[in-house]
Amino acid sequence: MRNLRNALLLAALSAFGVAISCMQIKPTVAAAAELAPDSEPAPTQQVSAVKLVLVITVDQLRGDYPVRWGSEIRRGIKRLIEGGAWFTNAYQDHAITETAPGHASILSGRFPRSTGIASNSIGVVDPNFRVVGGNPRENGASPFRFRGTTLYDWLVAKDRRAKAFSVSMKDRGAILPIGKARQQVYWYSPNGSFVTSDYYRNSLPTWVSQFNDRRIPFSYINSAWRLSRDSTAYPEVDDVPYESRSSPSDNVFPHAFPPNNNAVLYLRATPGMDSVTALFALEGLRQLNLGRGPHTDVMAVSFSASDYIGHQYGPDSREVHENFLRLDETVGWFLDSLYRLRDSASVLIAFTADHGVSPIPELARERGEATGDEGLRVNLAQQVRDTRAALLAGGVNPEAFLYDGELVGIERSRFLRTKLNPDSVLDAFAATVRKVPGVARVDWMRDVYKADLAADPIARRWEHQVPESLNVDLVITLTRYTYWGAGATSTHGTPYDQDAFVPIVFYGPGVKAGKYATFARTVDIASTLAALLNVKPAEKIDGVVLTEAIRK
């Protein structure tokens, strides 16, 4: 269930000594230039065809951030939104707005109901494949649950020489953008290295090992994350009691890194994580000869620090504000370095996010943004226990009741020799849960399929969410700004706009620059890229072409 997943996330961070703070960012433009030497200059001639598709996904970048802080940014994000096709009314249009389903939809052009990636817990964790290059005790990972194809597969159908490279701090952020393809896929390990799994290969390539041997994450030991501008430039109060629930003493700047190897874990919740990811992405571009044509390659880069920082401090914190400014700088030198290596006329870019985020519930109530039974914290453990106890008393194995936060199902085959009716059990559970403060609605999925999806956006996002193969009978929607469990300072995952709102930007050859208020979904990214690249999806997809973005 969601509260369990949040608790596990925070427990994992705490167990590794991550107080979730940040740093004085050391990889800079100069560091990026180290990986972009003059010995490999970009071609000087104009390139008519796109040789590289770069997809940048920011984990937990709400769509209003570029507007809220747009006047303060100077580099990469500013370049993209001012020079590209920026859709300002864009969403992850499904109900469980988490990292795994969000990343799976971007380059597949399909909602979670079709990709099979319904949540983080139903994502990429796979004990059948071990991590290569990391701690043997780390969870193995693969795209075995992913169904269908992605943009990369469509490009391969056009030209078998196409290659893909994907990197993220998170395994799911790296794996899902390219689906089941066994290509170059890497993520960050708690040991401070970039790793993969033996779904993709049995050993790390030499270039990855050499990058890891540079031990860049360890350079942050005894460092600190400091504000990049004078403190008067930030309207947010720095010392907010509700922030940093897992480490209350670490909620103001500067944020000091541990004086030991725990710094490589602390790094994950700092802007420096994105810097290290960008450096690794540039090295992969060089070593794999991506974007040199004549075919089109795909490079997917997922920047994850925003998610850890947002979870720790909340979207209205000085930390999230500062991180956005740092992210703009990182994207800036990353693009500058990329264009040193490849002709900008041959690079097509899509920029988006996997989900947004809700404010800290207690803070939302204090400010009057959450009223009534909004902005609460919900735990249904007692209701689940009562239901399973009733099953046991009726002669049914309690495990027949399936509960995963907002997803509820029942194994009907276990009721064949009993007097209990499974629908009656579910009805009783739903009736009890509807009385819990913070629960907005409990819907039967069979009713969701019959709902007026145009008039009911919550039902629409649930219809987009749940694969038919998943045994789900009921879906639970909390009230606005209400969280599952008490663990996270701030989180996301609901069907509401604040969690679904993301930016979508296209930039590069064939793109018609402009600011568009058209309703757009992240599933439209793949179809629009396919139109720009003149390739066809290999299957029916949910996305449509955002024609405003295409220069005629």
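**Reading the model, feature by feature**

A: Let's start with a group of side chains: Arg 62, Asp 64, Arg 68, Asp 316, Arg 367 and Glu 369 are linked in a network of salt bridges. A salt bridge here is a side-chain nitrogen of Lys or Arg within 4 Å of a carboxyl oxygen of Asp or Glu. The model is predicted, so local features need pLDDT of at least 70 and side-chain atom pairs count only at pLDDT 80 or more, while totals for chains, interfaces and linings use all residues. Residues are numbered from 1 along each chain as its sequence is written, and side-chain values use heavy atoms, with hydrogens and water left out.

Q: How many salt bridges does the rule give, and which parts of the chain does the pair Arg 75 and Glu 329 tie together?

A: Side chains of opposite charge can pair when their charged atoms come close. In this structure the count comes to 33 salt bridges. Arg 75 and Glu 329 form one of them, at 3.2 Å from N to O. Arg 75 lies in the loop between helix H3 (65-68) and helix H4 (76-83) and Glu 329 in helix H13, so the pair ties together parts that are 254 residues apart in sequence. Helices (H or I, at least four residues) and strands (E, at least two) are DSSP runs, numbered from the N terminus.

Q: Where in the chain do Glu 539 and Arg 110 sit?

A: The side chains of Glu 539 and Arg 110 meet in a salt bridge of 3.6 Å, N to O. Glu 539 is in the segment after helix H20 (523-533) and Arg 110 in the loop between helix H5 (99-106) and helix H6 (112-115), so to speak distant parts of the chain, 429 residues apart. Glu 539 is partly exposed, with a relative accessible area of 28%, whereas Arg 110 is buried at 3%.

Q: What about Glu 374 and Arg 480: which parts does that pair tie together?

A: Their side chains meet in a salt bridge at 3.5 Å, N to O. Glu 374 lies in the loop between helix H14 (361-366) and strand S11 (377-378), and Arg 480 in the loop between S15 and S16, so the pair ties together parts 106 residues apart in sequence. Glu 374 counts as buried at 17% relative accessibility, while Arg 480 counts as partly exposed at 30%.

Q: The loop between strand S15 and strand S16 also holds Tyr 481. What is phi of Tyr 481?

A: Most residues other than glycine have a negative phi, and most peptide bonds are trans. Phi of Tyr 481 is near 70°, a positive value in a residue other than glycine. The loop runs between strand S15 (474-478) and strand S16 (483-484), and Tyr 481 is buried there, with a relative accessible area of 12%. Ser 244 also has a positive phi, near 50°. Ser 244 is in the loop between S7 and S8 and counts as buried at 0% relative accessibility.

Q: Which residues does a cis peptide bond join?

A: One joins Phe 253 and Pro 254, with omega about -5°. Pro 254 is in the loop between strand S7 (224-225) and strand S8 (255-256). Another cis peptide bond joins Gly 293 and Pro 294, where omega is about 5°. Pro 294 is in the loop between helix H11 (271-287) and strand S9 (297-303).

Q: How do I read the packing of helix H12 and helix H13?

A: Two packed helices are described by the angle between their axes and the distance between the axes. Helix H12 (residues 305-313) and helix H13 (residues 318-341) pack at about 170°, with axes 9 Å apart. Axes are lines fitted to C-alpha atoms, for helices over the stretch in contact, and angles run from 0 to 180 degrees between N-to-C directions. H12 and H13 are therefore roughly antiparallel to each other (under 35 degrees is roughly parallel, over 145 roughly antiparallel, 65 to 115 roughly perpendicular, the rest oblique).

Q: Which residues of H12 and H13 meet?

A: Ala 305, Ser 306, Ile 309, Gly 310 and Tyr 313 in H12 meet Glu 319, Val 320, Asn 323 and Leu 327 in H13, where contact means heavy atoms within 4.5 Å.

Conventions:
Buried means under 20% relative accessible area, exposed over 50%, partly exposed in between (1.4 Å probe, protein chains only).
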